[in-house]
Amino acid sequence: MAHKLLIPIQGDDVAPRFDLAGEVLIIETDDQGAILRERTMVMPQGSAEDLCTLILTEDVDTVICNGIEDEYYQYLVWKKVAVHDCVMEHYREAVDSFLAKQNETK
Amino acid sequence: MPLSDAVITGLFAKDLELAPFLDHLPVGICVLSPERRVRGMNAALEGLTGFGRESVLGKHCHHVLRCSLCTTRCPLDRLTRDRESITLDGDIIDHNRQKIPTRHTSAMFQDNAGNISGYLEIVEDMRPVQGAAAAQSRGLGFDSIVGQSPEMRKVFQLLPVIAQTDSSVLITGETGTGKDLVAEAIHKNSTRSKGPFIKVNCGALPATLMESELFGHSKGAFTGAVENKPGWFKLAHNGTLFLTEIGDLPLALQVKLLTFLDDKVILPLGSTKGVKVDVRVIAATLHDLEDMVRQSRFRQDLMFRLNVIRLHLPPLRDRGEDLQTLLSHFLRSFTAATRKNIRGFSPEARAVLSGYAYPGNVREMRNIVEYATAVCTGTEITPDNLPEYILSAPSPAPPSPERSDPYPEESLPPVHPLQNRTWAEVEREKILSALDRAGGRRSRAAELLGWGRSTLWRKMKKYNLE
């Protein structure tokens, strides 16, 4: 099944804070887990609410992030978005390990 | 080498492991490599972040602390050879996804050649401090000032804001309303709190002496000036100078104060060289400065400069429920100080104290309770323990000099209490008169009385006026 992934980033790392991320990486994968499309978006300002709106309007399935406040975590989960937080890595490593885990479960 | 293996050598008789030593400290400590990766952290930081030290070893510090400062204002980026430590306020998100206000002190270690050997990050949990500030802003009190009335809540909500600015403040209010306490609270809660707080009574010294005391003098400036004297302005450098009774400052010195407020430079007596000082001025007066300006007793330009922020403290008679709060507060503090077992006031004593007008405001009340506590030999303060003058002549409330009536054309007729009437009777009459004027509209009557609606409602209930 096609999958859409969003990662707030800071430099080459997963952004330490969801609410303060100035940039996000959106990755779309196909049924086999291969990356179809990858794009980055610059946020006008760090805002957890703006980011939640973007996640919902973009129909994101999974968010990979580091520090996220419980209020936004619970909101996204309620909106059926899978949230993997406390990810303290280079964003490429985070994507690779997520896709690898997804392929394992297939 | 990770922090868990580090030892302190040469400081004590035996080598000591560093990690248990750091675990005893009540603030969070994180040791970082030159690449800003975590080499170790103490138990307090484990508790604060919610991450075990083993799980974050080698991680970049911004991943572990997840601090608001990490994104734009990383304190470590600001450290230089000359500036080896820095303190900034921010917030972190812990493992439980809770945002915690924190204060970060970062320090850099350099070797003799000036190369960076590592960093030390100290993280303090600011929740207790901010909790206290929130309680203060809710009006439960501020610093050592007690009060819960709507009038005082307004003051308490303003105080933290005023404290964070660096502007001059003019505090007005009748005698005994707590102008000194407010000035001190502003200083203690400001960024100048580590600097000196110097209080000067402008009416306490003759004009000739006051100039030398305020601005200092040079050796030989006048007969008897055998050495240089710094003056209060210089002594208050990096702190706050509180000029109480500013209305009593002689006109000649008002000009000099004006010059200081403009240029932040003082000119000591007999000196030709100005001295730049960084001092925040807080002034207080019980006089109506506008009226003094009209009478040419106070310079208008000085009033404008002092009047950047104006804070009016209400008299006790306008503070409603604070009367009982303050009575209990003073009784508690004096019984603790005298180690007496006084449980409270008898209903009769409370009635007398509630009916008294307190022209000397909180200071007078404090003195009355101190006297009563001292003479009381039982477990309850009775009317016999109160000063004679309260029982014999209940004074009417004097008019507030600073208070402006919002409805001058509809001002309430003065109510003159007679000697044989209690304050409660006078107050009841005031309420009836206000209700009559307002055509029965309670909100209007409350405005005319200068009270909140709830205060009027409570007092109406008290006097069976519903």
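Here is a friendly note on the aromatic rings in this predicted model.

1. Residues are numbered from 1 along each chain as its sequence is written, chains are lettered from A and ligands numbered from 1 in the order in which they are written, and side-chain values use heavy atoms, without hydrogens and water.

2. Over all chains, the structure holds 7 aromatic pairs. Rings of Phe, Tyr and Trp (its six-membered ring) pair if their centres lie within 6.5 Å; planes under 30 degrees apart count as stacked, over 60 as edge-to-face and the rest as tilted.

3. Take B:F233 and B:F260: their ring centres are 4.4 Å apart and their planes meet at 50°, so this pair is tilted. Both residues are buried (under 20% relative accessible area; exposed is over 50%, partly exposed in between, with a 1.4 Å probe and protein chains only). Ring pairs also link B:F233 and B:F260 with B:F215 into a cluster.

4. Now look at B:Y356 and B:Y389. With centres 6.2 Å apart and planes at 75°, the pair is edge-to-face. B:Y356 counts as buried at 4% relative accessibility, whereas B:Y389, at 40%, counts as partly exposed.

5. Finally, find a charge and a ring from two chains: B:R97 lies over the face of A:Y73, at 3.4 Å from the ring centre. A charge sits over a ring if NZ of Lys or CZ of Arg is within 6 Å of the ring centre and within 35 degrees of the ring normal.

Note on methods. This is a predicted model: local features need pLDDT of at least 70, side-chain atom pairs count only at pLDDT 80 or more; totals for chains, interfaces and linings use all residues.
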